[in-house]
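Here are my notes on this model, point by point. Please read them with the structure open.

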Amino acid sequence: AELFPIASMGWDPAEGDLMHERPRNLKEHILNRANIWDLAWSGALIGTFGYLNYLLYFIRHDLNAQNFDKATVAYATATTLTYVTICLCQFGNIMMRRVKPGHKLLTPYLWSNKKLFGAFGISITLMMLLIYAPFIQPYFGTAGLHLIDWATALVAAILFVTIRQSVFRFRARNNEKALATS
């Protein structure tokens with residue numbers, strides 16, 4: 001689902017103050033310890049939200065998630081909710097990776113890449129087909145979601161973005177303090 005938005009990020013314009021920043025150290029790898037840690041904990045957080053929504057679906061419907069027949073519509077709906085939760089969190093993750101760590105997400109730069117929003121539109125359309133098209137559902141084991149399911153997936157995505165933004169701000173403040181003392 002996130003393939004098209006990730007690919008469209010190649011058309012992202014540079015942020016306005018890019019030329020006023022110090023260049024990165026050429027000896028520092030792009031996949032350094034901090035970036036690997038960020039990818040790992042972000043993925044773990046997305047996975048946690050997906051799993052929590054899966055469990056919450058069973059709790060909301062008073063079903064036992066452990067001894068459950070996987071051939072039912074309820075199971076297909078729970079796994080579809082998990083998929084949608086992961087996709088929406090990943091959409092938030094993509095938007096956050098467009099801005100520098102610690103910077104605000106909701107700025108005019110958010111709207112600067114029209115191709116990205118077209119790509120999100122394509123991804124969401126394909127996701128809707130996967131979820132609601134009756135001729136596709138049997139192949140992927142999906143089921144339609146209700147409004148409450150979409151709401152829980154959206155809340156998970158908002159929480160993911162909020163937590164990730166808070167961690168970035170915390171890290172940025174600590175980095176500033178470390179630079180000030182050295």
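1. Start with the ring rule: rings of Phe, Tyr and Trp (its six-membered ring) pair if their centres lie within 6.5 Å; planes under 30 degrees apart count as stacked, over 60 as edge-to-face and the rest as tilted. On that rule, Tyr51, Tyr54, Tyr57 and Phe58 form one aromatic cluster. The count of aromatic pairs comes to 5.

2. Some ground rules. This is a predicted model, where local features need pLDDT of at least 70 and side-chain atom pairs count only at pLDDT 80 or more, while totals for chains, interfaces and linings use all residues. Residues are numbered from 1 along each chain as its sequence is written, and side-chain values use heavy atoms, with hydrogens and water left out.

3. Look at two of the ring pairs. Tyrosine 57 and phenylalanine 58 pair edge-to-face, at 5.9 Å centre to centre and 85° between the planes. Both tyrosine 57 and phenylalanine 58 are buried (under 20% relative accessible area; exposed is over 50%, partly exposed in between; 1.4 Å probe, protein chains only). Phenylalanine 91 and phenylalanine 120 have ring centres 5.0 Å apart and planes at 75°, so this pair is edge-to-face. The pair links distant parts of the chain: phenylalanine 91 sits in helix α3 and phenylalanine 120 in helix α4 (residues 114-132), 29 residues apart. Phenylalanine 91 and phenylalanine 120 are both buried.

4. Next, the helix packing. Helices (H or I, at least four residues) and strands (E, at least two) are DSSP runs, numbered from the N terminus. The axes of helix α2 (residues 33-60) and helix α3 (residues 73-97) come within 9 Å and cross at roughly 150°. Axes are lines fitted to C-alpha atoms, for helices over the stretch in contact, and angles run from 0 to 180 degrees between N-to-C directions. That makes α2 roughly antiparallel to α3 (over 145 degrees; under 35 is roughly parallel, 65 to 115 roughly perpendicular, the rest oblique). The contact of α2 with α3 has 12 nonpolar, 9 polar and 3 charged residues. Here Ala, Val, Leu, Ile, Met, Phe, Trp, Tyr, Cys and Pro count as nonpolar, Asp, Glu, Lys and Arg as charged, and the others, Gly among them, as polar.

5. Last, the cysteines. How many disulfides does a search of the whole structure find? The search finds 0, a disulfide being a pair of cysteine sulfur atoms within 2.5 Å. For cysteine 87, the nearest cysteine sulfur is that of cysteine 89, 9.5 Å away. Cysteine 87 counts as buried at 3% relative accessibility. Cysteine 89 counts as buried at 0%.
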